[in-house]
Every structure is written in structure tokens, then in C-alpha cells.
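Please open the model in your viewer and keep the sequence panel beside it. The stops below say what to select next and what is to be found there.

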Amino acid sequence: MKLSSGQTTGTRLVALAALLVIVTAAAPAMAQSLVDDVQIHGFGGWAYAETDGNYYSLGTNEGAWDNADFALNITAEPLAKLTIVAQIRGEAINGEDNFELDYAFAGWAFNDNLELRIGRVKHPFGIYGEIFAVGTLRPFYTLAQGIYGPNGFTAQAYNGVGITGWHDWDSGWGLQYDVYVGQIEGDFEVPGLMTTVPENFLDPRMNVGFEVNNTIGARLMVNTPVNGLSFGLSGYTGEDHTNLDVLEEGVRRKVWLGSASYVNRNWLVRAEYGSIDRSPDFKGNGGYIEAAFKFNKHWQLAARYDAFNVEFPTTDFSTLPPFFLQFLDHEEATLGLNYWFGSNLVIRLSYSQVDGNRYAFVSTPEEIMELMVTGELESKTNMVLFGAQFSF
Amino acid sequence: MKHAIAVIVIASVLAMPSFVGAQDAEFKIVGNAGTTPDSISKSDLARIFLKKKTKWPDRRPATPVGQKRAPELRTEFSNEILGMSLDMVESHWQAQVFSGRGTPPRVLNGDAEVIDYVRRTSGAVGYVTGSADTSSVSVIKVIN
């Protein structure tokens with residue numbers, strides 16, 4: 001459960017700090033008694049991001065220094081077939097602090113090719129669904145907003161039961177599969193104006209929680225004989241509930257995503273395209289393609305194009321101010337330069353050009369009031385980001 | 001002219017060799033005497049070190065062990081046996097760990113520690129430099 005900022009933030013951060021202290025203090029003892037059975041890993045990052053106007057992703061017009069996150073991952077293997085995994089993560093983004101349990105589950109391996117998982121399990125969705133926040137596994141500081149942005153395509157985890165497994169052949173073909181049932185919970189962001197509920201109008205960025213109950217989902221990844229080339233298909237469906245009154249309750253949500261990935265020593269090329277359907281309220285389509293080239297052991301150049309479009313079939317936009325149409329689209333081109341100290345630490349510099357206001361919006365109630373008077377919303381946003389990401 | 005320069009620059013970049021070149025270092029695969037096979041295919045050895053295969057053919061648990069430092073040796077082993085650069089192997093394990101799918105093999109400091117661990121541990125398998133004294137363990141032949 002994601003805990004929102006507010007009165008409880010301080011308490012959550014204290015809890016996180018306490019937990020980290022306990023884990024750190026306990027590590028030598030665990031290492032002593034369970035040398036082979038417990039591993040502790042973690043990842044995190046920090047970024048400065050500045051835009052030329054709208055508030056977008058990690059960036060603000062004034063420049064945001066307080067974008068940081070850290071996660072701690074613990075894996076224990078008390079029995080040969082039993083694995084217990086948990087990951088906690090804290091983040092501070094533009095003055096809002098969150099502390100959440102990414103996942104905590106038990107896995108029972110029937111054999112090398114089949115494992116039962118039960119608990120709060122990382123969501124197997126697309127290329128990045130399970131490694132959503134791990135900065136050292138991607139070419140940019142943030143993932144493509146078209147799929148992994150605050151649009152509700154995916155969630156951090158599913159709560160329930162699943163099976164996962166793999167099989168590969170000497171020919172080079174391989175399969176990895178996941179099937180799960182349970183509940184998915186997450187959130188998406190919209191400008192308060194977009195909800196068309198007057199009391200939300202002055203909220204620049206509303207966080208809308210959603211739950212998809214009685215979810216059934218699956219992911220299939222296929223490795224090809226071409227070393228590094230793989231394809232995937234993910235999807236889930238279930239009864240969608242949100243805390244936004246204007247959306248119908250219990251409507252079926254259907255989500256699918258196709259993925260392609262090619263990675264070798266120097267090149268990384270990845271693309272995904274998918275759709276989210278919550279008819280009759282909304283339908284969205286998004287996708288991205290990213291490519292990165294490592295010139296040598298340290299320097300990497302990366303480029304990405306991503307887009308997202310959402311439709312509200314039952315909404316008559318002709319009765320709304322024209323700028324409402326800008327809330328429906330997102331298009332972004334990003335260039336990045338990375339310096340890798342090793343696979344565990346990377347420093348990044350990137351420039352993004354955004355068109356559309358699906359995710360880019362003004363940042364204060366005063367600016368919203370001005371927008372309502374003038375009716376003009378800047379649709380283009382430029383952002384520069386500098387940061388570092390690490391893992392161990 | 002500008003286009004010609006741009007084409008030359010792009011072509012030069014694309015023609016750059018991989019940053020991890022072939023290494024001259026040699027290595028040997030060592031196994032616990034009596035509990036590991038005399039020979040193994042390269043693909044099965046890769047599966048054991050990637051923890052996709054956790055048992056030897058006689059159903060005994062396979063326990064792979066890596067080396068903590070020795071970048072040349074690790075690079076050579078990764079290239080030759082796993083078919084990946086060292087960075088790719090490290091990224092593979094990051095993805096496994098943070099998706100809750102597995103943890104990397106334990107790693108030890110240097111040939112002596114690996115050989116000592118393999119000697120004492122049933123089903124253990126590791127890699128050491130070609131010049132290491134392997135008289136207390138068995139050397140496993142890798143079949144392409």
C-alpha cells in the first residue's frame with residue numbers, strides 16, 4: 001500500500017530509518033548464522049531536474065533538487081526449495097515523501113522450471129514492470145512515461161498467488177512465463193481540472209488510487225536464438241475500482257503490452273506498445289522505443305521517443321475549454337549521456353522535449369486560476385536532468 | 001561536405017569494436033571430487049552458474065561459486081562460458097535480485113579460497129586461473 005505524504009510522512013520516514021538501522025545492525029548476525037541463506041541488496045538514486053515552465057516528471061520550473069530514492073532488498077533461502085523475498089523503498093520527490101513495501105512473498109520451487117509464489121509479488125508486466133525503480137538497469141533516469149508513467153498501466157506488485165517458470169533449449173530458444181491471480185493496486189496522476197469535479201480544480205496533480213480486484217494476468221517472454229533478442233507479451237484484466245467518484249465502479253479493466261528487446265555488449269534497443277481499456281470511461285494507448293550505445297566501458301549515448309494518448313468516449317470536450325484536449329496527449333523525445341563507473345553506478349545527463357499536457361502541468365493553484373482566466377496552457381515543456389543511480 | 005563528415009563520424013562510431021575484447025587469461029573449471037561430473041557441456045555449465053539448473057545429473061545439488069575480484073578471469077569466464085560480457089552478467093543478476101527471482105552465486109577471494117570451498121563442499125563448482133594448484137579438487141572438462 002502506498003502511503004501518501006502528509007501528517008504520517010515523518011512517522012513513515014522514522015520507521016524507514018529505524019528499519020534500515022535494524023537491518024544494518026542485524027546483517028552481521030544474520031551473516032554469521034545464515035551465511036549462505038541471506039543476501040542483502042539495494043539500489044537508489046538522486047536527481048536534479050529543471051523545466052522551462054510546466055511541472056513534469058521530476059522537474060519544476062525553479063529546479064528540483066529533492067528527488068531521491070533508496071530501496072533495500074532481502075532474500076532468504078531457509079530451505080532448498082523455499083525463498084522469502086522482501087523489498088522496501090523510500091522516495092522523496094519534489095517535497096513529497098513516500099515509504100512503501102514494494103513486495104514481500106514466499107516462493108516454493110517445485111523444480112528448476114516451476115515456482116509457486118504467494119504474497120505481495122512484483123508485477124510481471126513488460127520489460128521493466130518487475131524492476132520499475134532500479135536505475136542501473138536502464139538507459140535513462142526515469143522510465144518512458146508512455147507506458148510506465150503515472151497512467152495506471154502497471155502497478156508495483158500484485159497481491160495474490162502466481163506461478164512462474166522458464167524453459168530453454170540448446171537451440172537458443174527460451175521461454176519465461178508468469179500466471180497470477182489476485183489484486184493489483186496502484187495510482188495514477190491527473191490534473192485536478194481533468195476530473196471535471198469543481199472541488200479538485202485547484203489541485204495541480206491529483207493522485208488517484210485504483211484497485212483491480214479478481215485480477216487474472218500473465219506474461220510470456222520468448223528468448224530467440226539471436227543472442228540478446230527477446231519478445232514478450234503481458235496482460236491482465238479485472239474489476240477496476242478507484243477513489244474518483246466520476247469513474248464508474250467495478251468496470252472491467254483490460255490491459256495488454258507487447259515488448260521487444262535487443263541487448264548486446266554495446267547496444268541496447270527496446271520498444272513496447274500497449275493499451276489500457278476501462279470502457280466506457282477511458283481508453284489509452286502508449287508506447288516507446290529507446291536505443292543506447294556504449295562507446296567504451298564508461299560512456300553511453302541514449303535516445304528515446306515515447307507517446308501516450310487517452311480517450312474519454314463519453315465526455316463531450318466541445319463543452320470544455322480548448323486546453324482540455326491538451327490533457328489527452330503526451331509525446332516526448334529524450335537524449336541522454338551516461339557515464340558508467342561500473343554496472344553499479346551511473347551518472348546521467350539528459351534533455352527531454354515534451355509535447356502535450358497529459359503529465360506536464362502548471363504547479364500552483366495560482367497558476368491554475370490564471371489558466372482558467374486566460375484559457376492558455378503551454379503545451380511544450382523542456383526538461384534537463386542530472387543525476388546518479390546506484391545499486392549493490 | 002557536412003553530410004559527408006557526419007556519415008564518416010557515424011560510420012566510425014558504428015565500426016568501433018566491442019569494449020571487451022578477447023582476453024588471453026586461461027581458466028579451469030574445478031569441482032568437488034566425487035560429487036561432480038568429469039565433464040559437462042558449456043550450456044549446462046552456464047545454466048548452473050546462472051542458477052537455471054540447480055542439480056547435477058545424479059540429482060545432487062549443484063553449488064556454483066564465483067570470484068569476487070580478478071576482473072580478467074571473471075571477464076574471460078563470462079565471455080567463454082556464459083556468452084555475455086561481465087557488465088551483462090552483473091546486470092542479469094541485478095534484474096534477478098530486484099525482481100525477486102534469484103540471487104547470484106556466492107563469491108570468494110581468489111583461487112585458493114575457491115579451491116578450498118570446492119574441496120569442502122559437496123556438489124560445488126568454481127573457476128580458477130589456469131596456473132592454480134588443483135590437486136585437491138577435480139578439473140571438469142567443458143564440452144562445446
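What radius of gyration does chain A have, and what would a compact globule with 392 residues have? Chain A has 21 Å, which agrees with the value near 21 Å that a compact globule with 392 residues would have; the radius is taken over C-alpha atoms, and the globule rule is 2.2 Å times the number of residues to the power 0.38.

Before you select anything further, note that this is a predicted model, in which local features need pLDDT of at least 70 and side-chain atom pairs count only at pLDDT 80 or more, while totals for chains, interfaces and linings use all residues. Residues are numbered from 1 along each chain as its sequence is written, and chains are lettered from A, and ligands numbered from 1, in the order in which they are written.

**Chain A as a whole**

Select chain A, whose C-alpha atoms fill a box of roughly 65 × 45 × 40 Å along the principal axes. Its secondary structure comes to three helices and 16 strands, where helices (H or I, at least four residues) and strands (E, at least two) are DSSP runs numbered from the N terminus. Of its 392 residues, 37% count as buried; a residue is buried if 20 or more other C-beta atoms, placed from the backbone, lie within 10 Å of its own, exposed if 12 or fewer, and partly exposed in between.

**Two loops of chain A**

Then move to A:Pro280, in the loop between β11 (267-278) and β12 (282-294) of chain A, where the peptide bond from A:Ser279 to A:Pro280 is cis, with omega near 10°. Most residues other than glycine have a negative phi, and most peptide bonds are trans.

**Across to chain B**

Now show both chains: 24 residues of chain B are in contact with 28 residues of chain A, two residues being in contact if their C-beta atoms, placed from the backbone, lie within 7 Å. On the side of chain B that touches chain A, the largest share, eight residues, comes from helix α4 (residues 86-98) of chain B.

**Chain B on its own**

Of the 144 residues of chain B, 33% count as buried. One of the buried residues is B:Ala70, with 21 other C-beta atoms within 10 Å; B:Ala70 lies in the loop between β3 and α3 (71-82) of chain B, and its phi is near 50°, positive although the residue is not glycine.

**Helix α5 of chain B**

For the last stop, select residues 110-120 of chain B, helix α5, whose buried residues are B:Asp111, B:Val114, B:Ile115 and B:Val118. Seen down the axis of α5(B), these buried residues fall within an arc of 95°, so they line one face of the helix; the arc is that of the directions from the helix axis to the C-beta atoms. B:Ala112 and B:Arg120, on the other side of α5(B), are exposed. Display the strands as well, and you will find the buried residues of α5(B) packed against β1 (27-31), β3 (63-67), β4 (106-108) and β5 (124-129) of chain B.
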